[in-house]
Amino acid sequence: MQHRARAQFKVGELVQLTDPKGRLHTIQLSEKGFFNSSRGSFPHSALIGKPEGTVVTAREGTEFLALRPLLKDYVLSMPRGATIIYPKDCAQIVQYADIFPGARVLEAGVGSGGLSMSLLSAIGADGKLTSIERRQDFATIAKANADMWFGYRHPAWDVQVGDFEQVAPTLGSHCWDRVVLDMLAPWECLPAAYDALVFGGVLCIYIATVTQMSRTIEAMKNQQKWVAVHAWETTERQWHVEGLSVRPEHSMVGHTGFLITARTLAQGQKPPRRGLRPAPAAKGQGGQWDHVDTWEAKDLGERTIADKKVRKVTRDLMRRAELAGLEDPHE
């Protein structure tokens, strides 16, 4: 893979610059390119042909450290239309959903492709990832971002446009090791996810709100096809370490979303009885879910993505792909 190569920096490649204040700048090298910032400036030619880990001195005397970006850095800085799943959550998904080399993974809700890249890195060339996205423009952005990261179209990846409930049944029954969902109403897709997964397979769901989490888990209980249901969230806080000044940083990555994992029962089996009494709403006796059929996307916290922004991001990625000599992500 190009981004993992130990070769010298070359034209079209992404480079991450760190200034003396610790600020990060991601650039794409070009023969006539020029880096400008408030801290200093220099031509891209000062880096082309140099090894990773080079320290380049700007005309103003400022030193910049040049490294290839890590996946977490790339995901946070890449062009995007849809909101990304943060690296801390991607890492949790790969670990808790047990995404292993050679796994067959079905993903729904591609967004800008951040999670897809983590899944592809985990399954390797011998695995298979099929990603289903409702919007063609988001699928195009995701493919362009992934192509820039890997340096080519990953051989294990297939992107399909459509609704999960309609596309998943065409991809085989009980043949996918893992299913990962990032969508507004995952409870609607639980039957299709069960039919897609092998018995004992893992379903992992990323959702934004408490109400979504609650309704999804109650739907799992009602279907009686899911076991080992686990729900959680993670927060990330860095620390300042400078001599005897050791303290938490003032800012942190707090709540970004909730994660749910569950495993499938074999066909015809019933979950073991538990001692906990289900909530009235779970029995259909009236309660918090009586009115949910009237919920709109805004009630679930969906952020509206302007078409103008999506077109701008797509054009930017097309220019980057052309400079890097990559194939058209529309194909």
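Me: Two strands pair if DSSP finds at least two bridges between them. In what sense do strand 1 and strand 6 pair, and over how many bridges?
Reply: Strand 1 (residues 14–18) and strand 6 (residues 63–67) are antiparallel, over 3 bridges. L17 has A66 in strand 6 as its bridge partner. Helices (H or I, at least four residues) and strands (E, at least two) are DSSP runs numbered from the N terminus.

Me: What kind of model is this, and how are residues numbered?
Reply: It is a predicted model, in which local features need pLDDT of at least 70 and side-chain atom pairs count only at pLDDT 80 or more, while totals for chains, interfaces and linings use all residues. Residues are numbered from 1 along each chain as its sequence is written, and side-chain values use heavy atoms, with hydrogens and water left out.

Me: What do strand 13 and strand 14 form?
Reply: A hairpin, with 2 residues between the strands. Strand 13 (residues 239–242) pairs with strand 14 (residues 245–248) in the antiparallel sense over 4 bridges, and V241 is opposite V246. In the turn, G243 has a positive phi of about 60°.

Me: Overall numbers: how many helices and strands?
Reply: The chain has 8 helices and 15 strands. Of its 331 residues, 45% are buried (under 20% relative accessible area; exposed is over 50%, partly exposed in between, with a 1.4 Å probe and protein chains only). The accessible surface is about 17400 Å², with 49% belonging to carbon and sulfur atoms. Among contacts (heavy atoms within 4.5 Å) with a separation of 6 or more, 65% are between residues 24 or more positions apart.

Me: Switching to helix 2. Which residues are buried?
Reply: In helix 2 (residues 87–96), K88, D89, C90, Q92 and I93 are buried. Their cover includes helix 3 (114–123), strand 10 (176–182), strand 11 (197–207), strand 12 (226–232) and strand 15 (258–264). After helix 2 comes D98, with a positive phi near 55°.

Me: At what angle do helix 2 and helix 3 pack?
Reply: About 40°, with the axes 10 Å apart (axes are lines fitted to C-alpha atoms over the stretch in contact, and angles run from 0 to 180 degrees between N-to-C directions).

Me: Which residues meet there?
Reply: C90, I93 and V94 in helix 2 meet G114, L115, S118 and A122 in helix 3. By class that contact has 5 nonpolar, 2 polar and no charged residues, with Gly counted as polar.

Me: And T130, buried or exposed?
Reply: T130 is buried, at a relative accessible area of 1%. T130 is in strand 8 (residues 128–133). Leaving out residues up to four places away in sequence, T130 touches V105, L106, E107, D158, Q160, L171 and W176.

Me: Then K270, buried or exposed?
Reply: K270 is exposed, with 60% relative accessibility. K270 lies in the loop between strand 15 and helix 8 (307–324).

Me: What does K270 touch?
Reply: Q224 and L265, not counting residues up to four places away in sequence. The C-alpha atoms of K270 and Q223 are separated by 9.7 Å, and these residues are 47 residues apart along the chain.

How values were computed
Accessible areas come from the Shrake-Rupley method with a 1.4 Å probe; for residues, only the protein chains shown count as cover.
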